[in-house]
Amino acid sequence: MALTPSSMIPLGTPIPAFSLPAPTGTLVSSSHYSGKPLLVMFICNHCPFVKHIAAALAEFSEQYMAAGLGIVAINSNDFANYPEDSPEKMQEEVAARGYPFAYLVDEDQSVAKAFDAACTPDFFIFDGKGKLAYRGQFDDSRPGNDKPVNGKDLRAAADAVLAGKQPSEDQTPSIGCNIKWK
């Protein structure tokens, strides 16, 4: 597996508009979260970096959605060549992990390109005005490094945004598997 870092697009970048289906066919749009802070995550099922944080990510999401943070996950991987990331397998992943957020299919990969997403996992928090406030890692834990999976970086950023403040600009890129482009 190739280690790929986040692109770290400029803070203040407006959220790219999107409308994507969940595996069930339900469409979810960025406009559903207008005026509300939103975390957009690029994840997939098969990446060991996503698997490493999956339980903590589900817990984080339950806690922060209850606190008012909108959260969506997007799978942009080429599932024709990576069948473990197919929409059917995504539904199984949601059930197995207990993900409370919408897990969306970016089949043509246009949304990943619009966000300049590079890896899984890749995290982007937008403030209530739709401006990028955070892009970076969940925390500094990685498979095999024995650091705790606690989401401290993403938690600090989400806490700041929910309090109407700007997170620290000292943000560390996420590291993971590259998005599997067609």
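**A look at the cysteines**

A: Let's begin with C119: its relative accessibility is 0%, so C119 counts as buried (buried means under 20% relative accessible area, exposed over 50%, partly exposed in between, with a 1.4 Å probe and protein chains only). Please keep in mind that this is a predicted model, where local features need pLDDT of at least 70, side-chain atom pairs count only at pLDDT 80 or more, and totals for chains, interfaces and linings use all residues. Residues are numbered from 1 along each chain as its sequence is written, and side-chain values use heavy atoms, leaving out hydrogens and water.

C44 counts as buried too, with a relative accessibility of 1%. The structure holds zero disulfides, a disulfide being a pair of cysteine sulfur atoms within 2.5 Å. For C44, the nearest cysteine sulfur is that of C47, 4.9 Å away. C119 is also in no disulfide, and its nearest cysteine sulfur, again that of C47, lies 8.2 Å away.

Now for the surroundings. Of the chain's 182 residues, 51% count as buried. The chain has four helices and 10 strands; these are DSSP runs numbered from the N terminus, with helices being H or I of at least four residues and strands E of at least two. Contacts (heavy atoms within 4.5 Å) tell a story as well: of those with a separation of 6 or more, 78% come from residues 24 or more positions apart. Finally, the C-alpha trace spans about 40 × 40 × 30 Å along its principal axes.
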